[in-house]
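Here is a short report on salt bridges. Keep the structure in view as you read.

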Amino acid sequence: MKTAKNKDQLQKVRYSFLKILTGSDLSRRRLPFMAIESSNPGPVVWLTGCIHGDEVTGIVTIQEVFKVIRRQPLLCGSLYAFPLMNPIGFETASRNITLSKEDLNRSFPGDKNGSVAERIADIIFSTIKETNPTLVLDLHNDWMKSIPYTLVDPNPGSTHKKAYDLTLKVAGESGFIVVQETEDVKGSFSYSLIENDIPALTIELGESYVVNEKNVEYGVKSILGILGYLNMITKPTEDFTYQAPEAAKGKTLKFTSLPVSSASGIIRFLTHPGDIVKTGQSVAKIYNAFGKLQDTLLCKQDGVVLGHSDFSVAFPGAPVMAFGVF
Ligand SMILES: [Zn+2]
């Protein structure tokens, strides 16, 4: 029988820091780093969270996965994590690095002589690359009203086929609806990893700002399922599947924020995140200050509502909802 004490002896556990910058008051800012390494060689998986400072559920999800792996050691391989990639944004509950107002997730692969964000990105990217990783799972959050889903980058072309194929395969094992990004993602963490032939995907764990315990639970189950798929742990006895609409299961949807509003005004949403919507269906109405209807937003394609805006204000051309379309 194994005791709790010798369980961790089958694997090496390390919690430490990487230095990112020194403040004007000479305070040292650091990046928390977590590692569990099995004595048996195997896949190398990275979990990363809070690249956007207001997206906090991933931090706790990573902590919970590490608690599980400390109780039930890895069969092989290594699990590494940067649970809090943007501590400066986190402390001010803001998406960007507050000091320089930059989006860390548009600053990759980074530059050690570049801006604040590019320097932090360089430390993150080069540390990950050195470990020759099998997979990187980047945990994000979306609008306050949103469902969890897995987001994969657009196809980077045949030169990165191997990394992209594994990305799609793992996305299919995540248990969430799989949505493919369609917008330009230059400089994003996951796309830069794929461009460096490192399989990487994003898991959007519902709402930002506050840790949602239900989404933590889904995230932990999804990640353990993926580690089981890679044979790093015994496969969980129950397969995790997020209670997605039947029509969306097993399909890769395309991300879109169309239709957008054509007018300024007050948005009244007619559908909820997770709803199936049909082409031509009214999904939101825009009213002026006197309650006169300005626009009715009609669905362009059949799909699933992923989320809607945190605010009820509409501007011409501004996205108000996100969809995964078939
Ligand atoms: Zn994000």
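## Asp103 and Arg95

Asp103 forms a salt bridge with Arg95. Their closest N and O atoms are 3.5 Å apart. Keep in mind that the model is a predicted one.

How exposed are the two partners? Asp103 has a relative accessible area of 16%. That is under 20%, so Asp103 counts as buried. Arg95 has 36% relative accessibility and counts as partly exposed.

## Arg14 and Glu37

Arg14 pairs with Glu37 in another salt bridge. Here the closest N and O atoms lie 3.4 Å apart.

Is Glu37 buried or exposed? Its relative accessibility is 17%, so Glu37 counts as buried. Arg14 is partly exposed, at 36% relative accessibility.

Which residues are linked with Arg14 in a network of salt bridges? Lys12 and Glu37 are linked with Arg14 in this network.

## Lys186 and Glu195

Lys186 forms a salt bridge with Glu195. The closest N and O atoms of this pair are 2.8 Å apart.

Lys186 has 51% relative accessibility. That is over 50%, so Lys186 counts as exposed. Glu195 is partly exposed, with a relative accessible area of 31%.

## The whole structure

How many salt bridges does a search of the whole structure find? The search finds 10. Among them are Asp103 with Arg95, Arg14 with Glu37, and Lys186 with Glu195.

Notes
Residues numbered from 1 in each chain as written. Predicted model: local features only at pLDDT ≥ 70, side-chain atom pairs only at ≥ 80, totals over all residues. Heavy atoms only, no water. Salt bridge = Lys/Arg side-chain N within 4 Å of Asp/Glu carboxyl O. Buried < 20%, exposed > 50% of the residue type's maximum accessible area, 1.4 Å probe, protein only.
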